[in-house]
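Dear colleague,

Please find the structure below for your records. My notes on its sheet, helices and disulfides follow.

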Amino acid sequence: VFHLFLHTRKKMGLLLLLIICQCAINSIKTHSVSKPNIILLMADDLGIGDLGCYGNKTLRTPNIDRLAKEGVTLTQHIAAAPLCTPSRAAFLTGRYPIRSGIAAFSRVGVFLFSASSGGLPSEEITFSKLLKQKGYATALIGKWHLGMNCESSNDFCHHPRSHGFDYFYGLPVTNFRDCKPGQGSVFLKGVQKHLFIPVQITGIALVSLAVVQYIGLLKVPFQALGYFLLIITISLVVVILFFYHFRHLNCFLMRDHQIIQQPLSYENLTQRLTKEAMKFIERNTDTPFLLFLSYLHVHTALYASENFKGKSKHGLYGDAVEEMDWSVGQVLDVLEKHNLNDKTLVYFTSDQGAHVEEISSAGEVHGGYNGIYKGGKSTNWEGGIRVPGLLRWPGVVQSGAYIDEPTSNMDIFPTIVKLADAQLPSDRIIDGHDLLPLLQREVTQSKHEFLFHYCNAYLNAVRWHPGNSESVWKVFFFTPNFSPEDSNGCYDSHVCFCHGGFITRHDPPLLFDLSRDPEEKVPLTPETESRFYEIIRVIQEAVENHTRSLHAVPNQLSWDNLLWKPWLQLCCSSLFQSCYCDYESRGSPFKVHLG
């Protein structure tokens with residue numbers, strides 16, 4: 001009996017020890033995934049096929065590839081929209097852009113001017129707002145592209161600092177060809193096309209009225225003719241002057257609410273952005289921080305500093321990709337220098353796929369490579385929305401792992417909000433899902449049974465991943481008309497559009513199984529897929545449920561909100577002085593170490 005008592009007590013002691021150890025492990029794990037630093041790296045118009053970790057053999061991207069090696073690679077990571085402005089709105093809010101009014105019913109699906117009144121509504125809750133409330137230092141460095149002012153040139157209602165970022169250093173709009181002399185214009189062809197006919201009609205009308213007046217068939221007051229001619233002349237002069245000074249009015253660098261360089265200089269620009277990011281990290285080594293480093297690379301106008309120019313195998317585009325990779329390496333090095341690796345979640349992505357139609361006036365390819373995937377930016381073919389998705393967090397996220405489940409850039413919102421111990425908003429629908437259970441292999445299936453793919457404000461396609469199947473079904477209700485027909489994009493119009501004669505509608509919808517046909521080459525039919533009509537029915541029911549969840553909101557991309565408003569124009573000197581200033585330091589350039 002005595003021996004039995006000792007044996008039982010020994011087992012009880014071991015059991016108690018195991019319980020204590022398990023509690024300690026759980027405590028450590030909980031601590032390790034609570035309130036980490038967050039670094040979000042977003043490229044602009046980068047193709048999924050441009051990176052070594054996604055199969056590229058000729059572009060050198062060792063630092064981005066290092067993220068893949070030391071973290072998780074998402075192979076079916078989907079942008080919520082195939083254009084910059086709506087994709088970034090969805091990323092920041094975790095919601096389809098249609099819910100916040102960042103979805104256009106016209107051709108223009110992004111903000112074009114710094115003095116437009118549209119932007120990310122103040123009612124929207126961004127992850128930066130929630131993390132700031134939890135004591136995070138927050139910064140956005142680089143491209144914004146979600147509006148600036150509403151009613152005056154200094155209300156800053158859409159400014160990054162009004163959306164939870166303590167610090168902003170970057171561009172309020174985006175990087176246009178028009179921003180860099182000698183790189184052409186994204187507007188010239190459109191302006192010529194849309195102004196030529198109205199000017200012709202106006203000229204013919206004026207000449208006809210003058211002739212009718214002269215021969216006495218109709219009496220037209222000369223004063224009325226004069227006023228009409230004056231209005232037309234003033235309108236033309238304003239349009240011509242605006243586009244002549246486009247670079248000064250729309251391409252400028254800001255620090256918080258102050259313009260520090262107008263127009264923008266591309267000299268050592270990536271080095272300056274990188275230095276700002278590194279300084280922000282070093283200022284906050286003892287405080288949890290959120291850094292959103294939003295690169296200008298590789299949107300046109302392309303640029304690269306002298307240390308990278310001419311060094312890649314793919315011209316200026318390749319130089320720009322490799323310079324961006326260098327910048328990523330600098331950020332990772334500063335984390336290592338300050339022993340922040342284990343305390344920091346790093347995420348890398350692109351806002352949408354490569355802009356395949358980007359060809360320079362000299363015939364050089366200025367767009368990226370989307371790998372095996374069809375189409376590109378502005379389309380919901382996989383090439384337009386399947387983007388890099390890399391997450392590294394040593395000790396928490398498994399290194400060298402691949403996840404082929406459908407995920408979305410909207411998932412970053414709930415993921416980092418939860419990690420910051422903040423609460424998700426309960427008064428609105430959040431379309432993203434927490435990625436951590438998937439990243440830590442607690443679950444094997446994505447929570448995204450359906451993903452809805454919008455072309456501006458029009459529902460274009462739907463992806464369905466049934467819970468009991470490896471298939472990923474995708475239907476298209478309409479597809480863009482490529483021009484030329486046998487090409488992989490809309491080269492005649494530079495981007496693809498979403499309605500009218502620019503699309504072909506499909507009834508029944510086109511159906512693909514991406515698990516078997518990721519290149520979307522061969523649409524399935526009732527003859528080749530026995531469940532064709534059942535799949536269409538399930539997806540249509542999902543569309544009806546999704547549509548019922550939408551509510552009317554102000555359209556931030558209406559023509560009224562898109563057009564240039566002189567009273568909203570930001571200018572560091574005055575309009576009469578061509579809005580010129582340069583307060584950027586003229587000190588020694590940031591050193592670049594290529595080795």
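Helices (H or I, at least four residues) and strands (E, at least two) are DSSP runs, numbered from the N terminus. The model is a predicted one, in which local features need pLDDT of at least 70 and side-chain atom pairs count only at pLDDT 80 or more, while totals for chains, interfaces and linings use all residues. Residues are numbered from 1 along each chain as its sequence is written, and side-chain values use heavy atoms, with hydrogens and water left out.

I begin with helix α3. Among the buried residues of α3 are Arg88, Phe91 and Leu92. Cys84 also belongs to them, with a relative accessibility of 2%. The cover over these residues includes β1 (37–43), α4 (127–133), β4 (137–143), β8 (289–294), β9 and α11 (412–419), where contact means heavy atoms within 4.5 Å.

Two strands are taken to pair if DSSP finds at least two bridges between them.

Strand β2 (residues 72–74) pairs with β11 in the antiparallel sense over two bridges, and threonine 73 stands opposite leucine 390 of β11. Strand β9 (residues 344–350) also runs antiparallel to β11, to which four bridges join it; there, tyrosine 347 has leucine 391 as its bridge partner. Elsewhere, β5 (residues 167–171) and β6 (residues 253–255) form an antiparallel pair over two bridges, in which glycine 170 is partnered by methionine 254 of β6.

Helix α2 (residues 62–69) packs on helix α9 (residues 315–337) at an angle of about 55°, with the axes 7 Å apart. That angle makes α2 oblique to α9; angles under 35 degrees count as roughly parallel, over 145 as roughly antiparallel, 65 to 115 as roughly perpendicular and the rest as oblique. On the α2 side the contact is made by Pro62, Asn63, Ile64, Arg66 and Leu67, and on the α9 side by Asp325, Trp326, Val328, Gly329, Leu332, Asp333 and Glu336. These residues divide into six nonpolar, two polar and four charged. In that grouping Ala, Val, Leu, Ile, Met, Phe, Trp, Tyr, Cys and Pro are nonpolar, Asp, Glu, Lys and Arg are charged, and the others, Gly among them, are polar.

Finally, I turn to the disulfides. A disulfide is a pair of cysteine sulfur atoms within 2.5 Å, and the count by this rule comes to six. With bonded cysteines counted along the chain, the pattern is 1-2, 3-4, 5-8, 6-7, 9-11, 10-12.

- Cysteine 150 is joined to cysteine 157 (S to S 1.9 Å). The torsion about this S-S bond is about 95°, so the disulfide is right-handed. Cysteine 150 is partly exposed at 28% relative accessible area, whereas cysteine 157 is buried at 19%.
- Cysteine 455 is joined to cysteine 498 (S to S 1.9 Å). The torsion is about -70°, so this disulfide is left-handed. Cysteine 455 lies in strand β14 (residues 450–455) and cysteine 498 in the loop between β16 (473–480) and β17 (503–513), so the pair ties together parts that are 43 residues apart in sequence. Cysteine 455 and cysteine 498 are both buried.
- Cysteine 572 is joined to cysteine 581 (S to S 2.1 Å). The torsion is about -120°, so this disulfide is left-handed. Cysteine 572 is partly exposed at 21% relative accessible area, and cysteine 581 is buried at 5%.

Yours sincerely

How values were computed:
Axes are lines fitted to C-alpha atoms, for helices over the stretch in contact, and angles run from 0 to 180 degrees between N-to-C directions. Buried means under 20% relative accessible area, exposed over 50%, partly exposed in between (1.4 Å probe, protein chains only).
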